[in-house]
Amino acid sequence: MERAVLLRSLSSSSSSSALASTRLFSRSVHRLPKRHRLVPNVHRRSLLRRHLGLISPVSRPSLQLNRHFCPLSVRAVSTSTVQSSPEFLGADDDVADKLGFEKVSEEFIEECKSRAVLYKHKKTGAEIMSVSNDDENKVFGVVFRTPPKDSTGIPHILEHSVLCGSRKYPLKEPFVELLKGSLNTFLNAFTYPDRTCYPVASTNTKDFYNLVDVYLDAVFFPKCVEDIKTFQQEGWHYELNDPLEDITYKGVVFNEMKGVYSQPDSILGRASQQEFHRKYYHPSNARIWFYGDDDPNERLRILSEYLDMFEANSAPEESRVGSQKLFSEPVRIVEKYPAAEGGDLKKKHMVCLNWLLSETPLDLETELALGFLDHLMMGTPASPLRKILLESGLGDAIVGGGVEDELLQPQFSIGLKGVSEDNIQKVEELIMTTLKELAEEGFNSDAVEASMNTIEFSLRENNTGSFPRGLALMLRSIGKWIYDMDPFQPLKYQEPLKALKARIAEEGSKAVFAPLIEKFILSNPHRVTIEMQPDPEKASRDEAAEKENLEKVKASMTEEDLAELARATHELKLKQETPDPPEALKCVPTLSLEDIPKKPIHIPTEVGDINGTKVLQHDLFTNDVLYAEVVFNMSSLKQELLPLVPLFCQSLLEMGTKDMDFVQLNQLIGRKTGGISVYPFTSSVRGKEDPCSRIIVRGKAMSERAEDLFNLVNSWHLLDNLISNKSSISTLAFAKFLVNCVIQDVQLTDQKRFKQFVSQSKARMENRLRGSGHGIAAARMDAKLNVAGWVSEKMGGVSYLEFLQALEKKVDDDWPEISSSLEEIRRTLISKNDCLINLTADGKNLQNTEKYVSKFLDMLPNNSPVGSTAWSARLPHTNEALVIPTQVSSNVHLLNYLYIHTCSIRQVSLTESSNIFTQVNYVGKAANLFETGYQLKGSAYVISKYLNNSWLWDRVRVSGGAYGGFCDFDTHSGVFSFLSYRDPNLLKTLDVYDGTSNFLRELEMDDDALTKAIIGTIGDVDSYQLPDAKGYSRLNDFKEFADFVEAVKDKGVVVAVASPDDVDAANNTQGALIFKKVGRNGGIPEEM
């Protein structure tokens, strides 16, 4: 479930790591509030890959589509060092006993410097993990085992529905009301195949307990069990505005899953929802998590008030997830998926091999070893299984998530997409042959050392970015706890890691990893091969089937039935659009302005100069890790070279030098650093037409010591010595060497590798167009409204996709020209002139680093300043529609079939898909408010936040059935934009956008509502970058802002990523062509 706002970004950066970064959870200081959903199955990965997904070797920011979080932001917070001694206490034993809790066990977890106590509620059997430490970012979560008995999606719909009002908080959306006035750092809910989680986090103790109380009341006493309209709104319902019109489907989860469940009229029974909630949303079936620096006694007091109202029930037995027996022989599944017409469909097949690894859960050491094996085989571009598949030319991109062990039984999946029909068998044979070779030959020592260092660095660094550490630990612990196993075990990696390292040292890596490949994969009969075949007619057949089904439903109804359905539709819309009464709103707990810290967060920044180059230093406790960015000016680059920049960045990390191939370079980076990434950054500059455009090289390493041996960096001919003499140079010095090696010595001449980059980038962009249409629309609108947006779109939008499609052919025909262009980019960008260094570490390490930075800068070329190139370009200011087939992404289909045939039956039934698909759109409209004369005020942040959580939430999501609707104000360029996500509407949504100014003019707010809006905004924007809260205190600012928002209605440009039927209907409705269809034949680019 995602409440309101989704991420507006496209990832086009390059990194030495394939692992996902935490940017999904990041919060931009200049952008509007963002709350990001953890999509079901996102966390279905191995213990290590889950951890590395949150703690990547280097966080890899998305290509900045004219958005403005600072690329040089500090990645650490000044924190006191926590001693290893068990200084944090749990709740007082006598207090716990009086409140009805017995202590089951207690441990000090050295890995997270926390005291953890497991309690059991005597009356109900509810289990509570109380984790105490000095982390101010407090986390609470309640998790229920919710194994579904069928594929009707009840757990997912219920996840949404319980947050729509409760006993103490009888509002339509107390969740949204909380968002308006909370300082939360995380507030969401999500459904797994066998569990449902409700986590919150906040650094403010009063706010934290407010959130906890609302969530506890929501899950145990929701209004939805008595109100069928909530299930209809959140799940699905028939909609009929007039008996003469056609019946349609509507519903939030319906549109989220982009499909209609099989026989929908038979699945949404009020009784089944009530029974599911009664059975599973009960304390006896609950695992409850507390984490942070709040009072452990108060945690138990809050819980006792709720838990004591219940008696124990049989849910623990009824919800238990059973194991699936392994198949005795392999299974093959062949299915069709909807594909766009045009292009070579014969090369659009997919194949994925999947193994269920064990009938029983694995011990932590085996899980850890499998995680290392997974990283060795697939974790980096140099990993052999990944490398061989991509270099084979048999497909465009990897599918399958490798090792996934978050459910009861672990799995392993690997395959390719973009495969020719004739090559399906070859892909399968290549996978099996490669696995056999790895089992027989093992991995070289450098690869093992690199993998070990990468994983150990990430575990010890424990840098989860803006994603709360306590929540990351909760998700790790719950992966065992939910199956009645030890919740402490997943938090303790040091001993298993030590044992694994000792085994590798004593027996050799082959003796450790080869048996795992043989036992769990090669000799395992439970292999399911999934082949997906493109079918250009499937989407139209499915839509016709849906239409026929609805026609049959209508034909079976009498006139009275139709009149009643129209009345019910009107009644539901009236309920959705009627505001909650003031007395109901007042019952939601909130903060006052007095609860907000008056002083901004201080981040120490010293601006200095080394060898004529500006250096920013941040003296912060980072647990002995140095974070560094080297920033180069991109403004002098020729306009025609801009689309090559993302590929140039990838080439620096994934091509070799004259002395090393790219595998050796990748392993060196893994062995000696925490990771290096290279990516472009582009942003508008307030008051200027020219954008700020940079290339950023980001790296991190342990600051063990700063040895004089760093002087070796000055001599390139000593490279061989550096490679072989692994202990003669400090990690910090070697990290600096590697950065210089990457940016200067990499040979940009490997035609075969470069063509792989192009194919991979094209495949990623095609997936984004299908799955992140709101980001594509946002980029396209920005490109029409400012130069920075145009630059970013050239490097990460539809224009970039079209460039990649042409480039793929050009690589074969004119490689020398392309290679020469890559070298020209390097000559233009890599220069000491206008370079910037940004460093974050503690004072001692910063001081030690200065002399190495000096030597590093001396090695950079000192090119003469070229001056800025005029990039005075924008896309035409016309409305556009990117037409896409009405289909679910083929990857989703593949994964759904994968889960069905590799998981146990109880884990299967959350695959909420069938052969019927709905039309979903991504609708955007934007204009530049600065060009209308608007002068930025702090109130703009508050107004935008308020619009997201009121007008747009109610009209686009609740009434319109879209999965998300939001606005975004780019305070640097002045672009104010509206966007929707997975939206069944097009023109109706545009009407909502156009009604925003009238909504603001007619708005009446009391002081409480205004204060709540201010507080909620402070929770989304760093206080030190937000204007003084006193500047927000005038309702007149809302009315004033309406006049400027009117410009979006009158002068705004529209971009929609939409189905062809909706675009045609929109154009016909207006009586003239309002949307220009983009792409060949008026649709998406042909090769998709």
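Okay, so when I say buried, I mean under 20% relative accessible area, with exposed being over 50% and partly exposed in between, using a 1.4 Å probe and protein chains only. By that cut-off, Thr 146 is buried, at a relative accessible area of 1%.

Quick housekeeping: this is a predicted model, where local features need pLDDT of at least 70, side-chain atom pairs count only at pLDDT 80 or more, and totals for chains, interfaces and linings use all residues. Residues are numbered from 1 along each chain as its sequence is written, and side-chain values use heavy atoms, with hydrogens and water left out.

Back to Thr 146. You'll find Thr 146 in the loop between strand S5 (138-145) and helix H3 (154-161); helices (H or I, at least four residues) and strands (E, at least two) are DSSP runs, numbered from the N terminus. What does its side chain make a polar contact with? That's the side chain of Thr 196, at 2.9 Å. A polar contact here is a pair of N or O atoms within 3.5 Å; within protein, one must be able to donate a hydrogen and the other to accept it, and residues adjacent in sequence count only if both atoms are side-chain atoms.

On to cysteines. Cys 197 is buried at 0% relative accessibility, and Cys 352 is buried at 1%. As for disulfides, meaning pairs of cysteine sulfur atoms within 2.5 Å, the structure holds 0.

Last stop, Leu 620, in the loop between strand S18 (613-619) and strand S19 (625-633). Leu 620 is buried too, at 4%. Leu 620 and Leu 846 sit 226 residues apart in sequence, and 9.7 Å apart in space, C-alpha to C-alpha.
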